[in-house]
Structure formats: structure tokens, C-alpha cells
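Subject: Handing over a structure

Hi there,

Here is the structure I promised to pass on to you. Have a look at it first, and then read on for my notes.

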Amino acid sequence: MVKLGTAVAAGATLVLGGATAAGATPSATSADDGWHKVHEAWQPYVEGTLTLPADRYCGDFDLELSAQEQDIVSKVTTRWDTGGERTVAYKGPLLTRATNLSTGESVVIDLGGKAGALYRADGSLQTYSLNGPVGVGWPQDGGGLSRGYYLMDGKHVIDYAPDGTRTLTEDKGSETDVCRLVR
């Protein structure tokens, strides 16, 4: 997203920290945990154009995601003692055009939900928690979904293994594969 792009969450108007956007709460803070709460202001976040390669997402065509209207903000809620972001909340309206780059077929989708990201101390994404509608790329078969780019509505939690493999660990809503909408 960010790291929104890392999650390929275009519009994951993308926590897991003291005050959470998606309703999860981490363990209590302590000096031994290596992180601390922060009180930082909401900052503008601009979602740029993103092209998802066919071989990782839609199979036979590249998918382009381009923001049409947006007013996204993000806020760091906890930091690692090294200064790196630990939890980040995202919210705000986002309308995105999803385009099949082979045929030109497109659809405008609302990705203006709330989401949060929990990062490991090395900066890699650990958990992505959302209250959709939010978009999430899924470059693998398995872990709860087939390969694609999904519009997720409702509450979802995705865990990321250190190798990037994703597992849908909470599914209280719907998932629509945007690749199928523009096929």
C-alpha cells in the first residue's frame, strides 16, 4: 500500500496497534517487545497507478489499477524502537479503474474502506487487516483464495509469511475477483 503497493492493495484505504482501524488489538507494549505507541498525525497518502503482471494475478492479461478519485490518509500508530513503522492505519475514499490491458475492458470499483498493516521489525508485511471495500492482490493459488486481484468487502485478515505467501485467516464478508469482471 507504503507499503500498500507491497500488499498490492491498491486502495486499501489500508491496524493493528493501540487504536485500530480494523478492530484488532496487539499484545500490551513493553520495552522488551521492541516497539512503542506513537501519536502521529494523519498524513495524505496518494495511491499511484499499479500494473499487476498477468503471470502473477489475472493469468492471460496484465491488470492496471489507476485511481480516479481519492482522498486517502494514513497514520503510523506504533513504531519499532529502531524507528521503523510497526502499525499503520489507512482510510478514505478511493475509486479505482481496473483495466484489462489486453482488451481495454475496464470497470470502476470503490476501494474506500479502512485497513491496517502490521510490519515485522525488518519492514516486511506480517498482517493486513481490513474493513472493506478494499483491494488486495493474491499472486498464489491457496491460502484461502485462487490467484487474482480481489475486491474484499466486510472484515478480512490476511497473514503474510516471510516468503510473501498469503493466508486468509479471517473472512467475514465477500471477495470478488476483479480479473473476472474485466475478462
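The protein has 1 helix and 12 strands, where helices (H or I, at least four residues) and strands (E, at least two) are DSSP runs numbered from the N terminus. Along the sequence the pattern reads β-β-β-β-β-β-β-β-β-β-β-β-α.

Before the details, some ground rules. This is a predicted model, in which local features need pLDDT of at least 70 and side-chain atom pairs count only at pLDDT 80 or more, while totals for chains, interfaces and linings use all residues. Residues are numbered from 1 along each chain as its sequence is written, and side-chain values use heavy atoms, with hydrogens and water left out.

**Confidence**

The average pLDDT (the predictor's confidence in each residue, from 0 to 100) is 87 for the protein, and 83% of the residues score at least 70. Please take care with residues 1-30, where pLDDT stays under 50. The model has 120 contacts beyond four places in sequence for that stretch, a contact being heavy atoms within 4.5 Å. Where pLDDT is low, the predicted coordinates should not be read in detail.

**Surface and core**

Of the 183 residues in the protein, 46% are buried; buried means under 20% relative accessible area, exposed over 50%, and partly exposed in between (1.4 Å probe, protein chains only). The protein exposes about 8,100 Å², and carbon and sulfur atoms supply 47% of that area. These accessible areas come from the Shrake-Rupley method with a 1.4 Å probe, and for residues only the protein chains shown count as cover.

The largest nonpolar core contains 37 residues. By nonpolar core I mean a set of buried Ala, Val, Leu, Ile, Met, Phe, Trp, Tyr and Cys residues joined through side-chain atoms within 4.5 Å. Which of its residues touch the most other members? They are L63, Y128, L130, V136, Y149, M152 and I158. In soluble globular proteins, nonpolar side chains tend to be buried together. If you click on M152, you will find it in contact with L130, G132, P133, V134, V136, L145, I158, L168, S174 and E175, leaving aside neighbours within four places in sequence.

**The four-stranded sheet**

An open sheet of 4 strands has the order β3-β4-β7-β8, with antiparallel pairing; two strands pair if DSSP finds at least two bridges between them. β3 (50-52) and β8 (106-110) stand at the edges with a single partner strand each, so one side of each is left without a neighbour in the sheet. On average, neighbouring strands of this sheet are turned by 25° against each other, direction ignored. For that angle, axes are lines fitted to C-alpha atoms, for helices over the stretch in contact, and angles run from 0 to 180 degrees between N-to-C directions.

Going across the sheet, β3 is joined to β4 (residues 63-70) by 3 bridges, and L52 has L63 as its bridge partner in β4. Next, β4 and β7 (residues 94-100) pair over 7 bridges, with L95 in β7 as the bridge partner of E69. Finally, 5 bridges join β7 to β8, where I109 is the bridge partner of T96. β7 and β8 form a hairpin with 5 residues between them, and G104 in the turn has a positive phi of about 85°.

Two residues of β7 are worth a click. A98 lies in this strand and, at 0% relative accessibility, counts as buried. Not counting residues up to four places away in sequence, A98 touches L63, E64, L65, E105, S106, V107, V178 and V182. T99 is also in β7 and counts as buried, at 12% relative accessibility. Its contacts, with neighbours within four places in sequence left aside, are D62, L63, E64, G104, E105 and S106.

For contrast, E85 in β6 (residues 85-91) counts as partly exposed because its relative accessibility is 26%.

**Strands β10 to β12**

β10 (residues 125-138) and β11 (residues 148-160) run antiparallel and are joined by 12 bridges; here V136 stands opposite Y150 in β11. β11 also pairs in the antiparallel sense with β12 (residues 166-177), over 11 bridges, and K155 stands opposite K172 in β12. The hairpin of β11 and β12 has 5 residues between the strands, and G164 takes a positive phi near 95° there.
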